[in-house]
Amino acid sequence: MILKFVVAGQAALAADAPNPAPAAPPGMEAIANTFLGWGKWILLVAGVLGFMICAGMMIIGRRNRSQTAVDGAAGVPWVLAGLALTSLAAGIAGVALT
């Protein structure tokens, strides 16, 4: 009985709560875009370096260092996953806020 009142009260409060769209504070949109652009560029460079490091480990570990080659090959999916998450970050954050 009490649970029904609590659920009904929460539904009533949620129905009346305003839900505005995200908006940048005045003058902050250009600064935010600059920081986001810098972050994307840094992560892109890190991804390229990650692929190069993985390739180097695979090349170096080819002969008599098989564990190094395995570690390099195992790093490739992690670099791909990081780059994929970077490219999807804005979409994921947008879905989480709606």
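User: Why does Leu43 count as partly exposed?

Analyst: Partly exposed is the class between buried (under 20% relative accessible area) and exposed (over 50%), with a 1.4 Å probe and protein chains only. Leu43 has 42% relative accessibility, so Leu43 counts as partly exposed. Leu43 is placed in helix α2. This is a predicted model, where local features need pLDDT of at least 70, side-chain atom pairs count only at pLDDT 80 or more, and totals for chains, interfaces and linings use all residues. Residues are numbered from 1 along each chain as its sequence is written, and side-chain values use heavy atoms, with hydrogens and water left out.

User: Why is Leu49 called partly exposed?

Analyst: Leu49 is partly exposed because its relative accessibility is 45%. Leu49 lies in helix α2, residues 29-60.

User: What makes a run of residues a helix, and how many helices are there in the chain?

Analyst: A helix is a DSSP run of H or I with at least four residues, a strand is a run of E with at least two, and both are numbered from the N terminus. The chain has three helices and zero strands, in the pattern α-α-α along the sequence.

User: How much of the chain counts as buried?

Analyst: Of its 98 residues, 8% count as buried.

User: Which residues line the largest pocket?

Analyst: The lining consists of Leu36, Gly39, Lys40, Leu43, Thr86, Ser87, Ala89 and Ala90. A pocket is an open set of points on a 1 Å grid over the protein atoms alone, where a 1.4 Å probe fits, with protein on both sides within 12 Å along at least five of seven lines; lining residues have an atom within 4 Å of a point. Helices α2 and α3 (66-97) each supply at least two residues of this lining.

User: What is the volume of the largest pocket?

Analyst: The volume is about 160 Å³. That is the space filled by probe spheres set on the points, which are joined across faces, edges and corners.

User: How far apart are Leu43 and Gly82 in sequence and in space?

Analyst: Leu43 and Gly82 are 39 residues apart in sequence and 8.6 Å apart in space, C-alpha to C-alpha.
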